[in-house]
Amino acid sequence: MLGNQSVASRPIESVLSTNKVIRSTYQLLSMTLLFSAFAAYLSIAMQASQGMGLVATIVGIVMLWFVLPRTANSAAGIPVIFAITGLLGFGVGPMVAYYLSVNPSIVMTALGGTGVIFLGLSGYALTTRKDFSFMGGFLMVGLLVIVGAALLNIFMGIPALSLTISAAVIMIMSGFILYETSSIIHGGETNYIMATASLFLSILNIFTSLLHLLGALGGDD
Amino acid sequence: MDWLKIGSAALLIGMLVMIWPRMRHAMKHTPKGTSEDWKSFLIPLIAVVGFVAFLIMMVRG
């Protein structure tokens, strides 16, 4: 009898644990997004140059690669994730300032659009509870191709390629939102700090790419 | 070439170096998706494409 109870309670424990990861991830994600928006505001108020933005982004990415994986399983992971999201938000500041000076409605549209895309995709993954783990390889190859194309375009400077990259980033990052959310639901991702970092990056990349697309195709870039 | 381009290129090269082993690992360990699985991925993706097109049209007025 006791054995039966143990077997029966295991899935419930697993579901509770999954729900806890989801709740903690979305709580931390909303806080880091607010903090990142504040950092972007500071960057705009300080009239930070593109160079300062790039340095902040590089420091943020380096912390994401080398510091976060070592601290994500401890309490130190919280200040680290805030530092990373703050630096990445600060890095986006000069770009947002540029589009605000050209057409503020584009920034608002990109912000709202990013919110709708994220909530829609997360809602889809959470309600259907589909397992998107099969997309892992496809998404990583897509990411590699995008980064390679972006590297090439730094030297070639082809506007059409730049727009294509932005469109592809939106697609791939949408896939990453489905993949990460599904990974949390199915127990593949149990660390809410790492899950937050992944979802934050997807949201930030969708926002900047959408801003670029709307700025260019809206006729004001 | 200005240092902004050099810095951006260095960041992207670093990304390629970091992504490469993860991509190889993902390629080896990712389960194969059925046509049903891919359909469930394409539906939200098409919705995103449509939504972005709508936003572009909205901004163009």
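The C-alpha centres of domain 1 and domain 2 of chain B lie 27 Å apart. To find these two parts yourself, look along chain B: the domain assignment gives residues 1-30 to domain 1 and residues 33-61 to domain 2. Keep in mind as you look that this is a predicted model. For chain B the average pLDDT is 92, and 98% of the residues score at least 70. The model as a whole has an ipTM of 0.93 and a pTM of 0.92.

Now let us move to chain A and its loops. Most residues other than glycine have a negative phi. Against that background, A:Gln47 stands out, with a positive phi of about 55° although it is not a glycine. You will find A:Gln47 in the loop that joins α1 (2-45) to α2 (50-66) of chain A. Is A:Gln47 buried or exposed? Its relative accessibility is 70%, so A:Gln47 counts as exposed, the cut-off being over 50%.

Because its relative accessibility is 43%, A:Arg129 counts as partly exposed.

Follow the chain onward and you come to helix α6 of chain A. With 21 residues, α6(A) reaches 30 Å from its first C-alpha to its last, close to the 30 Å expected at 1.5 Å a residue. Within helix α6 of chain A sits A:Gly142. Its relative accessible area is 15%, so A:Gly142 is buried, the cut-off being under 20%. How far apart are the C-alpha atoms of A:Gly142 and A:Ile61? They are separated by 19 Å, and the two residues are 81 apart along the chain. After α6(A) comes A:Gly157, a glycine with a positive phi near 60°.

The next stop is the loop between α7 (159-185) and α8 of chain A, where A:Thr190 is found. A:Gly187 also has its place in the loop between α7 and α8 of chain A. A:Thr190 is exposed, with a relative accessible area of 58%, while A:Gly187 has a relative accessibility of 39% and therefore counts as partly exposed.

A:Thr190 and A:Ser17 are 173 residues apart in sequence, yet 8.5 Å apart in space, C-alpha to C-alpha. For A:Gly187 and A:Leu163, the separation along the chain is 24 residues, and their C-alpha atoms are separated by 36 Å.

Finally, let us look at empty space. Rolling a probe the size of a water molecule over the atoms shows where such space is left. The second largest pocket holds about 520 Å³ of space. Which elements give two or more residues to the lining of this pocket? They are α1, α4 (77-102), α5 and α8 (192-217) of chain A. Of these, α1(A) gives the most, with 8 residues.

In total, 23 residues line the second largest pocket, and those nearest its centre are A:Leu33, A:Ser36, A:Ala37, A:Leu111 and A:Phe207. What classes of residue make up the lining of the second largest pocket? There are 18 nonpolar and 5 polar residues, and no charged ones.

Note on methods: Residues are numbered from 1 along each chain as its sequence is written. Chains are lettered from A and ligands numbered from 1 in the order in which they are written. This is a predicted model: local features need pLDDT of at least 70, side-chain atom pairs count only at pLDDT 80 or more; totals for chains, interfaces and linings use all residues. Side-chain values use heavy atoms; hydrogens and water are left out. pLDDT is the predictor's confidence in each residue, from 0 to 100. Helices (H or I, at least four residues) and strands (E, at least two) are DSSP runs, numbered from the N terminus. Buried means under 20% relative accessible area, exposed over 50%, partly exposed in between (1.4 Å probe, protein chains only). Domain bounds come from an automatic or database domain assignment. The expected span of a helix is 1.5 Å times one less than its number of residues. On a 1 Å grid over the protein atoms alone, a cavity is a set of points where a 1.4 Å probe fits but cannot get out, and a pocket is an open set with protein on both sides within 12 Å along at least five of seven lines; lining residues have an atom within 4 Å of a point. Grid points are joined across faces, edges and corners, and a volume is the space filled by probe spheres set on the points. Ala, Val, Leu, Ile, Met, Phe, Trp, Tyr, Cys and Pro count as nonpolar, Asp, Glu, Lys and Arg as charged, and the others, Gly among them, as polar.
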